[in-house]
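The following questions and answers set computed values against the definitions behind them.

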Amino acid sequence: MKDTASRILLEIRDLETHYDTPQGLVRAVDGASLTVREGQTVAIVGESGCGKSVMLRSIMRIVPKPGRTVAGTIRYLKPDGRQVDLAQLPVDGPEIRRIRGGEISMIFQEPMSSLSPVHTIGSQIIEAITLHRDVTRGEARRLAIDTLAKVAMPRPEQIVDQYPHEISGGMRQRAMIAMALSCEPRLLIADEPTTALDVTTQAQILALMRRLQQEFGMAIIFVTHDLGVVAQMTEFVAVMYMGQVVEAAPVDELFFAPRHPYTHALLHSIPRLGQRKTGERLMSIPGSVPDPYSRPPGCPFHTRCVHEDGWRCRTELPELRPVGDGRTARCHYAGQLDLAGISRQGKSA
Ligand SMILES: Nc1ncnc2c1ncn2[C@@H]1O[C@H](COP(=O)(O)OP(=O)(O)O)[C@@H](O)[C@H]1O
Ligand code: SF4
Ligand SMILES: [Mg+2]
């Protein structure tokens with residue numbers, strides 16, 4: 001769905017989430033901005049360590065200590081039309097706990113990060129349902145079985161009484177998704193949900209998420225290392241580098257005509273999309289992400305950028321600014337550089 005008329009559901013502006021460690025300050029998220037509309041699917045890509053997971057956890061207010069959101073806003077549109085700044089809510093207060101799981105849910109690469117090993121699948125989903133919905137335990141059990149069926153879980157009536165270790169990895173992934181969807185969230189945050197799965201299960205889970213998204217009309221923020229999955233799953237992409245969104249655009253435009261040198265490097269560093277294998281780290285570009293304890297001044301990408309100008313790039317931080325219809329990029333020379341893209345199929349454009 002490429003619906004720019006829908007309302008803005010989540011608007012992250014200049015978000016900063018830092019880790020104060022004995023070795024120094026890590027600016028894991030360092031001024032990131034991102035807009036997500038109702039019902040939209042947005043992919044987030046970028047090399048490991050660029051702050052994708054920390055940004056997503058910041059939305060849910062579940063950044064592990066010593067991480068802390070210290071600046072910026074996360075404006076979220078409540079179902080009643082009110083806007084609330086999630087960044088201002090106490091991390092364990094009643095309002096964020098109502099929103100977390102009830103309106104915004106998160107799924108992870110590793111299902112055991114949200115499933116408990118000592119409770120049955122059913123009791124965990126029932127717990128989530130009764131926390132957020134006014135139903136009896138009997139009704140909640142029925143809803144839990146229905147949700148398991150919706151995520152194409154085989155034999156949901158039996159699985160509901162089983163423990164996570166009694167089922168396969170792909171089924172655990174489905175159980176986690178079922179738990180996340182059980183309260184019909186308006187926003188699903190998926191942090192590399194299929195990276196650890198084999199090709200067949202990955203394809204099934206992705207197809208499932210697409211179907212559920214259409215059925216529930218929820219928005220999805222989706223982190224993946226796989227540009228093939230981006231092309232298949234989403235209509236809008238945000239590229240992150242060193243804690244900042246450096247480019248955001250509709251998928252076709254971003255693939256065909258990248259505006260930021262980092263995006264260009266990512267697109268051209270991957271094997272052709274037809275050749276990928278699941279679990280492979282697809283993105284690797286020359287040089288490496290700088291040490292988080294010593295961020296480069298100026299544009300954070302200047303140490304690896306072939307278009308670095310020798311002065312401004314090394315001293316002045318570029319702003320995220322509009323570069324065409326619905327697009328933004330954070331480069332002093334965005335729109336002026338000749339950056340070749342690729343097609344959705346991965347061919348050079
Ligand atoms: N507990 C922590 N202590 C210190 N730094 C951390 C911690 N967790 C994450 N970071 C740092 O935050 C940055 C962003 O990490 P992350 O969001 O996990 O990256 P991504 O998901 O893009 O791979 C990295 O530099 C990482 O080292
Ligand atoms: S601002 Fe300069 S260093 Fe940064 S991406 Fe643009 S050209 Fe490269
Ligand atoms: Mg991550």
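Q: Where is the place of H165?
A: H165 sits in the loop between α5 (156-159) and α6; helices are DSSP runs of H or I with at least four residues, numbered from the N terminus. The model is predicted, so local features need pLDDT of at least 70 and side-chain atom pairs pLDDT 80 or more, whereas totals for chains, interfaces and linings use all residues. Residues are numbered from 1 along each chain as its sequence is written, and side-chain values use heavy atoms, without hydrogens and water.

Q: Why does H165 count as exposed?
A: H165 has 61% relative accessibility and therefore counts as exposed, since exposed means over 50%, buried under 20% and partly exposed in between (1.4 Å probe, protein chains only).

Q: Which residues is H165 in contact with, leaving aside its neighbours within four places in sequence?
A: They are P117 and R172, contact meaning heavy atoms within 4.5 Å.

Q: What makes the largest nonpolar core lie between domain 1 and domain 2?
A: The largest nonpolar core has 100 residues, and L10, I59, L86 and M209 have the most contacts inside it. Such a core is a set of buried Ala, Val, Leu, Ile, Met, Phe, Trp, Tyr and Cys residues joined through side-chain atoms within 4.5 Å. Its largest share, eight residues, comes from helix α6 (residues 169-181). Domain 1 (1-91 + 187-349) and domain 2 (111-184) both contribute residues, so the core lies between them; the domain bounds come from an automatic or database domain assignment.

Q: Which residues is M209 in contact with, leaving aside its neighbours within four places in sequence?
A: M209 is in contact with I107, I177, L188, A190, P193, I220, F222 and M233.

Key:
Chains lettered and ligands numbered in written order. Helix = DSSP H or I, 4+ residues; strand = E, 2+ residues; numbered from the N terminus.
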